[in-house]
Each structure stands twice: as structure tokens, then as C-alpha cells.
Amino acid sequence: EFTLVRPDPQIIWPRRNGQAWSGWDAFYHRSDKGGGRWEFRRPLPESWTVRYKNLAFQIRPTSFKHTGLFPEQAVNWDWCSTKIAAARKQGRDVSVLNLFGYTGAASVAAAAAGAQVCNVDAAKGMVDWCGVNAEASGLRRDSIRYIVDDCVKFVRREVKRGRRYDALIMDPPSYGRGASGELWKLETHLWPLLKECRD
């Protein structure tokens, strides 16, 4: 019921019919200095729920333009859920590690399909948001293990502990900081992380 406009500088194609959106409720204005701000045409609730199949996600405009959900990932949630459900139907337990879990949409989808999930993100607020989404989706609290940590360090410790997972999900950022300020650069750190994950 709410229309949010979030222009992105990487979008290179024209709007459909070349017309600007006029009926918006909130518009994100980027700043030349980084970040930006939301302009609201009418008061919106602090957050609201968006449903997708049997899942529910809390949405809210954040100061960094995100809303807490990337709906274009739904095809991936469906694919993972189908694979997990098929394995569970054959009597297999399935464990999933979701790295860079953000607000946990993939974790919630995997847990709803019957997997035991470990959701890892360096930002405590994002991990907490995953818990809100799991609860909104009617999941048991123990169906997801919530970890606030640097993903690379966490995977290294899991390797040392001999912990194994049936599946790994990751959607790493191009740039970011870990829980203790560790620097993450996709072009530098992705391959070493993939090698750790393989182990």
C-alpha cells in the first residue's frame, strides 16, 4: 500500500514510458557526500509487513536507502526451499549457513522449508531484524541460530570446530566492515572466503 522511490545511480535504462513516478509516498534523495535522506509526502508507519507466500517480512525505510528486503531474491528463496523440502521429504536433516545474512530473508525461507539455519552478519541490528522476520513468519526461535560476527572469521572458526553444512548461502557486499571494523572488499576477500567455505 506504500510506494517508495529509491533511485540508484547504477540504473542506466530509462523509466517505462520515460515518465517520472508521481504517486509516491516516500522518495529517497541521495547526497553527493554519501548517504541521503527520505522525503515523506504523508506519514508512514515506522514499519509494516510484506508477505510472500508463507513468509512475512518487516519493512521500514532506513537511513541508507534500504527497506530490509530485496524482493528480487525471491526466486532464490523458492529454489532453496524446493531443494530443502525435497531433502526433508527423503528424511534428511538439512543444515544451512547464510553468510552476510542481512535481515535474514533467505534464512527465514530456508528455515520455513525445514532446514536448521545459521544466520551470520556483522551488524547486530540486521541479525535482530532477522529474528523479527522469523517470528513474523511463525518460525520457532530455535530454527535459526543468530550470529553477529565477521563472516570470514566465523567460517574459519567453524572449519576448526569441524562443523559442516549441507548448503551455504551468501550475498556479500562489494564493500563493508566486520563486527570489529574489519575491512571487506569483494575483489580481495571473496576468493579466500570461498576456499574457507569449501573446507
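How many bridges join strand β4 to β5, and do the two run parallel or antiparallel? There are 5 bridges between β4 (residues 48–52) and β5, and the strands run antiparallel; two strands count as paired if DSSP finds at least two bridges between them. Helices (H or I, at least four residues) and strands (E, at least two) are DSSP runs, numbered from the N terminus.

A word on the ground rules. This is a predicted model, so local features need pLDDT of at least 70 and side-chain atom pairs count only at pLDDT 80 or more, while totals for chains, interfaces and linings use all residues. Residues are numbered from 1 along each chain as its sequence is written, and side-chain values use heavy atoms, with hydrogens and water left out.

Back to the hairpin: it has 2 residues between the strands, and Lys-53 takes a positive phi near 55°. Thr-49 stands opposite Gln-58 in β5. In β5, 5 of 5 residues are buried (under 20% relative accessible area; exposed is over 50%, partly exposed in between; 1.4 Å probe, protein chains only). Leu-55, Phe-57 and Ile-59 point one way, Ala-56 and Gln-58 the other.
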